[in-house]
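I opened this entry to keep track of what I looked up, going from the whole chain down to single residues.

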Amino acid sequence: MFDINQDDQAIAQQLASFVPNRILDMHMHIYRLEDLALPASSSLQNGPAVAGIAQAKEYYSRMLPSTKCLGGLAIGFPTSDGDKHAINSFVASEVSSDSMCKGSIIIDPTDEKSARDLAEANPELIGLKPYHFFSGREVTWNADIDEYLPEWAWQLADERGMLITLHMVKDDAIADPANQKTITSMCEKYPNAKLILAHAARCFHAPNSKGLSSLAGLHNVWFDSSAICEIEPLLDILLNFGADKLLWGSDYPVCCTRGRAVTLGRDFIFLDQDSVRFDNLNTKCRPIVIGLESFRALSSACKYAKLSESQIDDIFYGNAKRLLGI
Ligand SMILES: [Zn+2]
C-alpha cells in the first residue's frame with residue numbers, strides 16, 4: 001500500500017488524456033495514525049504516521065503525474081475506537097492553512113454540542129461526516145440512516161448550508177426502501193443541507209443503482225465517485241442526474257490499495273492482497289491501485305454518456321469549487 005509500480009504507471013499513462021490537469025478531491029480522508037486506534041495489522045500502519053493534505057497530494061502526484069490536485073474536501077477518518085475530538089482537531093488545523101481545502105468533521109450522534117461548537121468556531125469546517133460505526137449497534141452494517149445521521153445534524157447542515165457526506169449501509173444501499181425514504185424526507189425537510197452520497201450512493205454492488213431513481217427531483221443531492229470501480233452506477237448518475245451532480249473523490253487512503261471493488265453475486269468484494277493471492281492464479285493478473293481503477297471506470301462512464309470536456313472538468317473541478325465556495 002502507498003507504493004506506485006510500473007503497472008500503475010502504464011495505466012496512468014492511458015488515463016492522462018482523460019483527467020483534467022487540475023482537480024479537486026471531494027473525498028479525501030486525512031489523519032494522524034496516533035488518533036485512530038487501529039489494530040497493528042491494519043495496512044494503514046505501513047503508511048505515513050501523519051497523512052495530511054500534503055501527503056494525500058503527494059500520493060496523487062505519483063499515482064497520476066499528469067494532473068495536479070489543488071485541494072478539496074478533507075474529511076476526518078472514522079474508526080470505531082479512534083479519538084473523534086483529536087481526529088476533528090487535525091482536520092481543522094490542516095484546512096485552516098490551505099485556502100483550496102475545506103474540512104468535514106466526524107459526528108457522534110450523541111454529541112450535538114461538540115459538532116455545533118466546532119462548526120461555529122471554524123468556518124472552514126463546512127462538512128459533516130456521519131458513519132455507521134457510531135450508530136450504537138453491535139453490528140453496524142445494517143444500521144438505519146437516522147441511527148448514525150441524527151436529525152440535529154440535518155438541522156445544523158440546513159442552518160449553515162453545510163455538506164453531509166453519507167456512506168450509507170445495508171445490503172441494498174440506495175435500493176433499500178428505508179434508506180430511500182429517510183434520504184428523500186430529510187432532503188425535502190432540510191433543503192439548505194447539501195447531501196453528498198459517497199461511493200455513487202454506495203453502489204459497490206452495481207445493480208443497486210436501480211434505486212437511484214428514488215432520488216429524482218431532489219435538488220440538494222450530489223454523488224461522489226470515490227472508490228467506485230464499476231461503470232454502471234457512474235453512468236446511471238450521469239444519465240439521470242447530469243454531470244453537475246457528480247464529484248470526483250479519491251477516498252484517500254483507500255485509493256492507495258492495490259485491487260478493485262467488484263460486484264459479485266448479490267454483493268461486492270474488495271479484491272486486494274488480503275482477499276486474493278494475485279501471484280498464485282491460473283492466469284496472469286497485475287492489479288493496479290484502486291484510485292486508478294476508479295479513474296478508469298469514470299473515464300468509461302463519461303465516454304458512454306458522451307460528456308463534453310467542460311462537463312468532465314465539472315466532475316473533477318467545477319462542481320467541487322462551487323460546493324466548497326473556493
Ligand atoms: Zn471514505
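**Whole chain.** I noted before anything else that this is a predicted model. I then looked up the secondary structure and found 12 helices and 11 strands. I asked how the radius of gyration of the chain agrees with that of a compact globule. A compact globule of 326 residues would have a value near 20 Å, and the chain has 18 Å, so the two agree. The C-alpha trace spans about 55 × 40 × 40 Å along its principal axes.

**Burial and contacts.** I looked up how much of the chain is buried, and 50% of the 326 residues count as such. Next I took the contacts with a separation of 6 or more, and 76% of them join residues 24 or more positions apart.

**Glu-94.** Glu-94 sits in helix α4, which covers residues 84–96. Is Glu-94 buried or exposed? I found 20 other C-beta atoms within 10 Å of Glu-94. The cut-off for buried is 20 or more, so Glu-94 counts as buried. Leaving out residues up to four places away in sequence, I listed what Glu-94 touches: Ile-30, Gly-52, Ile-53 and Ala-74. I also checked Glu-94 against Ser-226, which lies 132 residues apart from it along the chain, and their C-alpha atoms are separated by 21 Å.

I moved on to strands β10 (residues 259–264) and β11 (residues 267–272). In which sense do β10 and β11 pair? They pair in the antiparallel sense, over six bridges.

**Two packed helices.** A pair of packed helices is described by the angle between the axes and the distance between them, and I looked up both. Helix α10 (residues 231–241) packs against helix α11 (residues 290–304) at about 40 degrees, with the axes 8 Å apart. That angle makes α10 oblique to α11. I recorded the crossing of α10 and α11 as right-handed. Which residues make the contact? From α10 I wrote down Ile-231, Leu-234, Leu-235 and Leu-238. From α11 I wrote down Ala-297, Leu-298, Ser-300, Ala-301 and Tyr-304.

Conventions. Residues numbered from 1 in each chain as written. Predicted model: local features only at pLDDT ≥ 70, side-chain atom pairs only at ≥ 80, totals over all residues. Helix = DSSP H or I, 4+ residues; strand = E, 2+ residues; numbered from the N terminus. Rg over C-alpha atoms; globule rule 2.2 N^0.38 Å. Buried ≥ 20, exposed ≤ 12 C-beta atoms within 10 Å, placed from the backbone. Contact = placed C-beta atoms within 7 Å. Pairing = 2+ DSSP bridges. Axes fitted to C-alpha atoms, helices over the stretch in contact; angles between N-to-C directions. Parallel < 35°, antiparallel > 145°, perpendicular 65-115°, else oblique. Left-handed = near helix turned anticlockwise from the far one by under 90°.
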